[in-house]
Amino acid sequence: MRNIIFGALAGISATLAMTAAMRRLFRILPDGHDYPLPPREIVQRVDVAGTGERGLRTATVTAHFGYGAIAGSVYALLPRRMISGGSYGVLIWALSYLGWIPLARILSPATEHPAARNLLMLGAHLVWGASLAASLHELRRSTGDIFSRGPLFDARRPRRLAQGMPRIGAGE
């Protein structure tokens, strides 16, 4: 269960980095290629309830981060070192934009989109994958070090467990 939770948290963290990259890269797209990015396109296509612009904006962000959390959980369940974070990010891009999204007839496959937009999305997925791996690594490490470990003092003995540590407030 810890892997699933840590994977979801890492996926959310990575999606934040990815979103920042997408927003910045979008600004440099050539004229005519600056139509909404896939997260918005996908949500807009499946919006059968007609939620309006504000609802679509909220749904886009929520779905984007939710998908990142789910994909992060899957990554955390894979055997360690099976695939690098960056490679996993590209795999998610391929499975999504060449796989299930066109198969569900939500969007046309990436091969039918301009190269500049595909490069933006590939770059964003590389950022996502690298951030995912780094975030997951930090979360896993945090359970075994001073961040989450128990107290440095043994309650049964007043003596300090960590020998050689300076006392707080001691003169310098």
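Which helix gives the most to the lining of the largest cavity? I opened the notebook with that, and the entries below work towards it and beyond.

**Ground rules**

I am reading a predicted model, so local features need pLDDT of at least 70, side-chain atom pairs count only at pLDDT 80 or more, and totals for chains, interfaces and linings use all residues. Residues are numbered from 1 along each chain as its sequence is written, and side-chain values use heavy atoms, with hydrogens and water left out.

**Entry: the fold**

I looked up the secondary structure. The chain has five helices and zero strands. Its pattern along the sequence reads α-α-α-α-α. Helices (H or I, at least four residues) and strands (E, at least two) are DSSP runs, numbered from the N terminus.

I then checked burial. Of the 172 residues, 33% count as buried. Buried means under 20% relative accessible area, exposed over 50%, and partly exposed in between (1.4 Å probe, protein chains only).

Contacts came next, meaning heavy atoms within 4.5 Å. Among those between residues at least 6 apart in sequence, 72% join residues at least 24 apart.

**Entry: the cavity**

I searched the whole structure for cavities of 30 Å³ or more and noted one. On a 1 Å grid over the protein atoms alone, a cavity is a set of points where a 1.4 Å probe fits but cannot get out; a pocket is an open set with protein on both sides within 12 Å along at least five of seven lines; lining residues have an atom within 4 Å of a point. Grid points are joined across faces, edges and corners, and a volume is the space filled by probe spheres set on the points.

The largest cavity has a volume of about 110 Å³. Its lining has 13 residues, and Pro38, Tyr97, His113, Asn118 and Met121 lie nearest the centre. H2 and H5 each supply at least two lining residues. My opening question is settled: H5 gives the most, with three residues. By type, the cavity lining divides into eight nonpolar, three polar and two charged. Here Ala, Val, Leu, Ile, Met, Phe, Trp, Tyr, Cys and Pro count as nonpolar, Asp, Glu, Lys and Arg as charged, and the others, Gly among them, as polar.

**Entry: the pocket**

I turned to the largest pocket, which holds about 390 Å³ of space. It is lined by 15 residues, with Leu37, Pro39, Arg40, Thr60 and Val61 nearest its centre. H3 gives the most, with seven residues. The pocket lining splits into eight nonpolar, three polar and four charged residues.

**Entry: the core**

Which residues touch the most other members of the largest nonpolar core? I found Met22, Tyr88, Tyr97, Met121, Trp128 and Leu132, in a core of 25 residues. H1, H3, helix H4 (85-103) and helix H5 (115-142) each supply at least two residues of this core. Its largest share, six residues, comes from H5. A nonpolar core is a set of buried Ala, Val, Leu, Ile, Met, Phe, Trp, Tyr and Cys residues joined through side-chain atoms within 4.5 Å.

Leaving out residues up to four places away in sequence, Met22 touches Leu37, Pro39, His64, Leu120, Met121 and Ala124.

**Entry: salt bridges**

I counted three salt bridges. The rule is a side-chain nitrogen of Lys or Arg within 4 Å of a carboxyl oxygen of Asp or Glu.

Glu53 and Arg40 meet at 2.8 Å, N to O. This pair links distant parts of the chain, with Glu53 in helix H3 and Arg40 in helix H2, 13 residues apart. Arg40 is buried, at 18% relative accessible area. Glu53 is partly exposed, at 38%.

Glu53 also bridges to Arg57, with the closest N and O atoms 2.8 Å apart. Arg57 and Glu53 are four residues apart in helix H3, so about one helical turn separates them. Arg57 counts as exposed, at 55% relative accessibility. I therefore logged Arg40, Glu53 and Arg57 as linked in a network of salt bridges.

Arg117 and Glu41 meet at 3.8 Å, N to O. Arg117 is in helix H5 and Glu41 in helix H2, 76 residues apart. Is Arg117 buried or exposed? Arg117 counts as buried because its relative accessibility is 5%. Glu41 is buried too. Beyond four places in sequence, the contacts of Arg117 include Phe26, His33, Tyr35 and Pro38.
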